[in-house]
Amino acid sequence: MRRPLVAGNWKMHGDLKRAVNLARAVCAGAPDAVDVVLFPPYVHLQSVVDAVDATSVEVGAQDVHSATEGAFTGAVSASMVKDVGASHVIVGHSERRAIFGDTDDGVARKFALALDAAIAPILCVGETLTQRESGNAESVVLRQLDAVLERVGAEGLEAGMIAYEPVWAIGTGRTATPQQAQEMHAIIRDAVARRDEAVSQRIRVLYGGSVKADNARALFQEPDIDGALVGGASLNAEEFLEICKTAAD
Ligand code: PGA
């Protein structure tokens, strides 16, 4: 049995006070049966790490740079993220790919550097609406996954996890149906199984894209959906905790 994980990606929202209060509220209500990880903006990482101290709630960064160190003004490395007490990092989020030009190869390097720094990467994969409508959803997702598998192998992949996030469902209020999500999650798990059957059974595949308290249950009932990467709804402690509790059931 895979232990469910619910991640809250706060993106570029809030201020320091709100971040700390939100983290405290999540800690106060987080169920034991679920892994809960919060992803504040970089500048709030340390404070949120302090706020969740001595609880089971963990903290991660929304991205890292694809090099270990150097003259990269404005960038933050995986080891820096580890150093302030974070345990996870999101790599390849569709907003990073679309707005900041992250490539499959760059994302694979970020994934590998996170492993080197001993933090767990969450690899985001997902197709745009055009790609889905032209019948290319599967090939896009598998290409994004393969870039990482090529670099770190199935053993490396297992130290992190995957989040399937159809781009057309992110922040749009239009979620994939449980069937659409399950179909892609099974495709992802099959692709991992072709490399390593045991890893494919153990690795967690989260769903992301307009997950809310009222659609989470149907998604979590699907056999290959092991949790959620939540954006908008993670900014509200009550709603986020509802999703966590649903995952625990
Ligand atoms: P959303 O974002 O829940 O607001 O759709 C999900 C994500 O971007 O990870």
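A polar contact here is a pair of N or O atoms within 3.5 Å; within protein, one must be able to donate a hydrogen and the other to accept it, and residues adjacent in sequence count only if both atoms are side-chain atoms. The model is predicted, so local features need pLDDT of at least 70 and side-chain atom pairs pLDDT 80 or more, while totals for chains, interfaces and linings use all residues. Residues are numbered from 1 along each chain as its sequence is written, and side-chain values use heavy atoms, without hydrogens and water.

Select the ligand, then Gly231: a polar backbone atom of Gly231 is 2.8 Å from a ligand oxygen. Next, Ser210 places a backbone N or O atom 2.7 Å from an oxygen of the ligand. At Lys11, a side-chain N or O atom is 2.6 Å from a ligand oxygen. The protein buries 97% of the 290 Å² that the ligand exposes alone (Shrake-Rupley, 1.4 Å probe).

Show Leu22, Ala25, Val26 and Gly29 of helix 1 against Ala237, Phe240, Leu241 and Lys245 of helix 11 (heavy atoms within 4.5 Å).

Terms used
Helix = DSSP H or I, 4+ residues; strand = E, 2+ residues; numbered from the N terminus.
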